[in-house]
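The following paragraphs lead through a structure of which the sequence and coordinates are displayed below. Please keep both in view while reading.

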Amino acid sequence: MLIRNAPDLRECDVTDHGLYLKRRAFIAGAAGLGLAACGGAAPASAAPLKYRPNRMAIDESRTPLADVTGYNNFYEFGTGKEDPAAYAKMMRSRPWTITVDGLCERPGSVDIDELIRRFPLEERIYRMRCVEAWSMVIPWVGFPLAALIKSVGPKSNAKYVAFETLHDPRQMPGQRSAVIRWPYREGLRLDEAMNPLVLLAVGLYGQTLPNQNGAPIRLVVPWKYGFKGIKSIVRIRLTDRRPQTSWQMLAPGEYGFYGNVNPDVDHPRWSQAKERRIGEFFRRKTLPFNGYGDQVAHLYRGLDPRKLY
Amino acid sequence: MPSRAHALKLESALVWLACAAPLILLLYWGFTARLTANPVEFVLRDLGLWGLRFLCLTLAVTLLAKYANMPRLMRYRRRIGLWAFAYVALHLTVYLGAAHEFDWAEIGADIAKRPYITIGMAAFALLVPLAVTSTHAVRRKMKPRSWRRLHRLVYLIAVMGAVHYFLLVKADTRSPILYGAIVAVLLAARLLPAARRRMGLA
């Protein structure tokens with residue numbers, strides 16, 4: 001499976017790399033003439049990224065780009081599955097500043113492009129399991145959250161990581177109605193956050209992240225339901241207390257803090273035993289921890305699986 | 001005289017077409033691959049929503065005929081009601097066959113465990129006798145009073161439909177609340193005059 005995917009990805013990497021260099025050269029040249037705003041060959045909304053090809057391929061075909069970018073939940077742009085694709089262009093994902101603070105030695109704010117330069121990017125092809133019992137396979141580009149956390153030096157009393165999405169109803173029309181309490185909030189235990197599977201994604205399919213998928217930077221935790229993957233992050237805070245999460249605040253009986261994919265624990269309103277992979281008619285069986293149990297089950301030893309939802 | 005008969009035929013055909021339009025549109029979207037990335041979910045929702053809309057329409061027809069002086073509408077009440085039944089039955093078929101692949105154990109557990117499924121199934125079960133007794137032949141055999149009593153169930157069914165919709169959404173309850181309000185207004189418009197009459201008599 002790795003062999004089958006590898007040539008495909010390498011070729012993609014080379015192309016992107018070339019384009020990437022051309023783009024940078026063009027902007028560098030244009031900047032001197034005051035023409036930077038004209039941009040390069042690629043549209044600003046989907047610029048190619050330079051990244052290391054995927055090393056954790058899975059033997060499942062990737063969900064087509066059109067479905068990944070055209071069908072998802074991002075309530076900041078409306079509660080319909082096609083609302084994000086329709087309205088996310090109202091958001092400006094550049095310039096963008098992320099604040100990393102709380103219980104760490106080197107808190108601060110950093111520009112997204114500076115952040116992307118600081119950490120080498122890599123591709124990860126992950127299953128994405130929505131709590132609504134549908135799923136996709138998405139080739140993300142990003143860097144491990146652990147790398148960012150290490151770089152700010154977490155203090156010994158830091159136990160959790162809290163995330164927040166941008167709150168700006170002018171850019172995010174869905175925030176004009178109080179469907180959930182804005183800003184969108186998510187959280188992880190620090191040891192979960194340090195797991196090498198956890199990605200801060202800045203792209204998919206080799207290009208910068210489209211707005212509707214959470215540009216410019218979003219969380220990807222492949223063994224948890226999709227709602228844990230907070231989008232368009234502006235703040236990451238280290239804390240000693242378990243942070244509140246948006247869905248738990250809205251319906252504590254339906255959404256827990258952990259949100260680990262578990263076929264044996266139903267959502268109160270539907271079964272989680274199976275899932276519909278986008279593009280397939282017959283449902284698949286849902287795997288415990290979305291198939292990533294080998295890498296993450298040890299994090300939850302001794303805990304009641306019912307509480308892990 | 002023949003022109004009036006023609007006009008009625010044309011009117012009837014147009015009403016039929018209007019009732020079938022959501023289904024025709026769904027088929028058209030199906031053939032042109034426009035049912036979103038998750039067609040089963042989309043079709044299930046669309047058919048359910050049209051079932052609820054047609055239930056509201058049948059209730060509105062009676063009221064409009066009475067209070068807006070549009071008695072001719074009554075001619076189409078049975079047809080609109082049967083289309084409501086058709087959309088709900090198709091909704092149920094997609095639920096059983098496509099959403100659950102006729103996995104009866106799973107469907108049984110769904111009905112037992114989840115109130116919105118229980119209510120949806122019960123609403124469909126109540127709708128069946130109304131569809132069966134809607135033909136002129138059966139209607140003639142029944143006492144008018146018992147037929148009317150039986151068909152008053154449609155108000156209960158519409159309420160159950162709105163509750164079914166409300167219970168299944170995750171967070172955005174605006175649309176189910178709107179349908180709930182429509183059903184409530186239709187129900188009140190029917191019940192209040194009757195209640196007032198009864199009070200007046202007492």
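How many residues of chain A are in contact with chain B, and how many of chain B with chain A? In this predicted model, local features need a pLDDT of at least 70 and side-chain atom pairs count only at pLDDT 80 or more, whereas totals for chains, interfaces and linings use all residues. Residues are numbered from 1 along each chain as its sequence is written, and chains are lettered from A and ligands numbered from 1 in the order in which they are written. The contact involves 16 residues of chain A and eleven residues of chain B, a contact being a pair of residues whose C-beta atoms, placed from the backbone, lie within 7 Å. On the chain A side, seven of these residues are nonpolar, three polar and six charged. Here Ala, Val, Leu, Ile, Met, Phe, Trp, Tyr, Cys and Pro count as nonpolar, Asp, Glu, Lys and Arg as charged, and the others, Gly among them, as polar.

Chain A contains an open sheet of five strands with mixed pairing, in the order E2-E1-E10-E5-E6. Strands (E, at least two residues) and helices (H or I, at least four) are DSSP runs, numbered from the N terminus; two strands pair if DSSP finds at least two bridges between them. Strand E2 (108–111) and strand E6 (185–189) of chain A are the edges, each pairing on one side only. Strand E5 (residues 160–165) of chain A is paired with E6(A) in the antiparallel sense through five bridges, and A:Ala162 stands opposite A:Gly187 in E6(A).

Chain B, by contrast, has nine helices and zero strands. Its C-alpha trace spans about 50 × 50 × 35 Å along the principal axes. Helix H2 (residues 39–67) and helix H8 (residues 153–168) of chain B pack at about 150°, their axes 10 Å apart; because angles over 145 degrees count as roughly antiparallel, H2(B) is roughly antiparallel to H8(B). Axes are lines fitted to C-alpha atoms, for helices over the stretch in contact, and angles run from 0 to 180 degrees between N-to-C directions. Among the residues making this contact are B:Leu52 and B:Leu55 of H2(B) and B:Ile157 and B:Ala158 of H8(B). The contact residues comprise ten nonpolar, three polar and no charged.

Notes
Contact = placed C-beta atoms within 7 Å. Parallel < 35°, antiparallel > 145°, perpendicular 65-115°, else oblique.
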